[in-house]
Amino acid sequence: MANPTASAAFNKSTYAPGELMTLTVTHADIDRAPLTVTIVVTDTTGGTGTATTTVQIDPGSVAVSSVPARTWTPGAATSSQSIFTATA
Amino acid sequence: MVSIVVTATVTDAGGHVGTASASATISTGIPTDAEMATWGQTTSTITSNTTYSGSGTVVNGVHFDGARVSFTGTDITLNDCIITGDTSGSPLVSVTNTAARRITLNRCILRTKTPGNRNAIQGQNFILNDVLIEKTTDGVSVAKSGYTASAANWATGVELHRVVIRKLARWTGAAPGDVHPTDQVTHNDGFVQAGGSGTILDRVLIDARPALQYAHVALVSASGTLYTEAQAYGLADNAPRTSVAVGSQPGGWPFVPAWTSNGTGKWSTGEMSGPDFSAMMILSSQGPSTGFVVTDCEFRGGENCINGGGNPWSTGVASLGTWLRNRFDRSQANQGSGPDDTNTARFSGNWAGHITFPTLGTDANTYVDGATMTGVQF
């Protein structure tokens with residue numbers, strides 16, 4: 001399996017004390033891409049039936065820390081993006 | 001400004017890791033040089049020592065040129081003033097009269113005009129908002145006139161909001177009326193409190209390193225050329241720092257040895273921060289000093305940056321107060337056991353359990369780079 005890739009960005013370059021900081025982490029993992037499985041059933045006469053399903057092979061987690069320390073609260077998240085907030 | 005650096009770690013089910021980082025800055029609220037350049041916008045000049053009495057007086061834009069200011073009244077406000085003091089040893093601003101109450105200075109500059117041992121402001125019951133103090137012996141001296149033991153735990157009535165105290169300077173050693181007549185080394189405190197309770201420091205910067213090219217410090221190049229002030233402050237962190245001989249300058253200065261090297265050879269690790277500087281000197285000569293509220297401040301330099309050894313806790317004494325989100329540099333002359341144990345916060349008086357001074361969490365007091373403080377001496 002490959003290592004995930006990630007990038008991170010604040011929504012501002014400078015914050016006032018007490019202001020809400022929003023951090024967006026964009027991440028990708030080729031192993032995490034949903035895998036679609038197609039099932040083909042063939043009977044004795046050659047007739048076929050198909051079915052598909054999607055599975056997540058390699059789910060992951062995203063964590064954030066900072067210096068100086070802040071309490072980072074996770075917000076909305078998708079398979080490719082995670083939002084965290086903390087107080088400046 | 002404080003930099004904040006985040007690290008995001010993405011881990012998949014197999015333990016494979018991807019990381020990313022991002023940085024931003026958080027303004028500290030401490031005044032910048034650009035902001036301070038807008039203070040002290042004066043429109044008139046007074047050249048004689050002035051005492052304000054009565055109640056409710058507002059003074060705007062006065063340059064007290066070679067003059068001191070005293071107060072005997074209440075609810076008096078000075079806006080956009082520059083006060084340079086006279087040639088005596090008295091503070092530039094005195095709030096020592098027991099009748100003085102609620103004296104407020106806004107957007108003012110306190111800076112000596114003539115060489116001498118004098119503090120910037122002394123007394124109690126004063127509020128400083130957006131004030132620059134520099135080139136004085138001590139910056140803010142909190143003391144109660146006529147103190148007797150029955151007045152212990154007196155309310156200081158002192159608040160400092162967005163105050164910068166820096167470039168402390170000392171001119172003489174064992175001269176009559178000297179601040180410290182017992183020796184001939186530098187003694188400078190950015191803030192000193194003799195006792196009392198309830199002092200507030202909010203977004204205050206105290207830099208307890210000596211003024212360069214002034215008073216007791218005159219640095220020269222390898223060829224013996226006197227640096228300008230800009231050149232002296234622009235020296236590389238580890239540049240050799242050589243001072244002129246005592247008494248070698250016109251007028252006989254410097255009168256005391258410039259500093260005692262701590263052996264590190266770096267400005268950032270306290271090469272010039274001794275022998276007797278402190279950002280905050282907390283004493284109990286007028287009863288215990290208690291109940292501070294010190295938040296979002298920055299402290300630099302000092303032999304010991306905060307020196308509370310003269311104010312020990314004892315049974316029945318109240319809390320030393322609440323100290324949150326303050327930042328400390330590592331330029332103490334007393335480096336302790338290493339770069340992260342630099343005698344930054346040295347209360348040194350059994351205050352554990354009697355002070356709120358977190359070193360972890362959202363309200364942690366930290367080093368200026370955000371690192372966790374070590375060696376806090378309660």
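This is a predicted model: local features need pLDDT of at least 70, side-chain atom pairs count only at pLDDT 80 or more; totals for chains, interfaces and linings use all residues.
**Entry 1. Chain A**

I began with the secondary structure of chain A. The chain has zero helices and eight strands, and from the N terminus on I read its elements as β-β-β-β-β-β-β-β. I then looked up burial and found that buried residues make up 20% of the 88 residues in chain A. For contacts in chain A between residues at least 6 apart in sequence, I noted that 46% join residues at least 24 apart.

**Entry 2. Where chain A meets chain B**

I next listed the residues in the contact between the chains: chain A gives 39 residues and chain B gives 28 residues. Which strands of chain A each supply at least two residues of the side that touches chain B? I found β1 (5-10), β2 (14-15), β3 (20-28) and β6 (60-67) of chain A. Of the side of chain A that touches chain B, the largest share is that of β6(A), with eight residues.

β6(A) pairs with strand β1 (residues 2-12) of chain B in the antiparallel sense, over eight bridges. Within this pairing, A:Val62 has B:Val10 in β1(B) as its bridge partner.

**Entry 3. The open sheet of chain B**

I traced the sheet strand by strand. Nine strands of chain B form an open sheet with parallel pairing, and I recorded their order as β4-β7-β10-β12-β14-β16-β22-β26-β29. At the edges I found β4 (50-52) and β29 (345-346) of chain B, each of which pairs on one side only.

I then examined the part of the sheet around β22(B). Strand β16 (residues 188-193) of chain B runs parallel to β22(B) and is joined to it by five bridges; here B:Asp189 has B:Ser278 in β22(B) as its bridge partner. Three bridges join β22(B) to β26(B), again in parallel, and B:Met280 is partnered there by B:Ile306 in β26(B). Strand β26 (residues 306-310) of chain B in turn pairs with β29(B) in the parallel sense over two bridges. In that pairing I noted B:Arg346 in β29(B) as the bridge partner of B:Asn307.

I also checked the burial of β22(B). Seven of the seven residues of β22(B) are buried, so this strand is largely enclosed by the rest of the structure.

**Entry 4. Nonpolar cores**

I looked up the largest nonpolar core, which has 81 residues. Which of its residues have the most contacts inside it? They are B:Ile83, B:Leu110, B:Ile206 and B:Val217. The largest share of this core, six residues, comes from strand β22 (residues 277-283) of chain B. Domain 1 (2-30 + 115-367) and domain 2 (31-114) of chain B each give this core at least three residues.

I took B:Val217 for a closer look, leaving aside its neighbours within four places in sequence. The contacts of B:Val217 are then B:Pro210, B:Ala211, B:Leu212, B:Ser243, B:Pro254, B:Ala258 and B:Trp259.

The domain assignment of chain B gives domain 1 (2-30 + 115-367) and domain 2 (31-114). I computed the separation of their centres over C-alpha atoms as 23 Å. The contact between them takes 28 residues from domain 1 of chain B and 28 residues from domain 2 of chain B. On the side of domain 1 that touches domain 2, β12 (121-123), β13 (126-134) and β15 (159-166) of chain B each supply at least two residues. The largest share of that side, nine residues, comes from β13(B). By class, I recorded that side of domain 1 as 11 nonpolar, 12 polar and five charged residues.

**Entry 5. Pairings of β11(B)**

Finally I looked up the partners of β11(B). β11(B) pairs with β13(B) in the parallel sense over eight bridges, where B:Thr104 stands opposite B:Ile127 in β13(B). Strand β8 (residues 74-79) of chain B runs parallel to strand β11 (residues 101-111) of chain B, with five bridges between them. In this pairing B:Asn79 has B:Asn106 in β11(B) as its bridge partner. Strand β9 (residues 82-83) of chain B is also joined to β11(B) in parallel, by two bridges, and B:Ile82 stands opposite B:Ile109.

Note on methods
Residues are numbered from 1 along each chain as its sequence is written. Chains are lettered from A and ligands numbered from 1 in the order in which they are written. Two strands pair if DSSP finds at least two bridges between them. Helices (H or I, at least four residues) and strands (E, at least two) are DSSP runs, numbered from the N terminus. Two residues are in contact if their C-beta atoms, placed from the backbone, lie within 7 Å. A nonpolar core is a set of buried Ala, Val, Leu, Ile, Met, Phe, Trp, Tyr and Cys residues joined through C-beta atoms within 7 Å. A residue is buried if 20 or more other C-beta atoms lie within 10 Å of its own, exposed if 12 or fewer, and partly exposed in between; C-beta atoms are placed from the backbone. Domain bounds come from an automatic or database domain assignment. Ala, Val, Leu, Ile, Met, Phe, Trp, Tyr, Cys and Pro count as nonpolar, Asp, Glu, Lys and Arg as charged, and the others, Gly among them, as polar.
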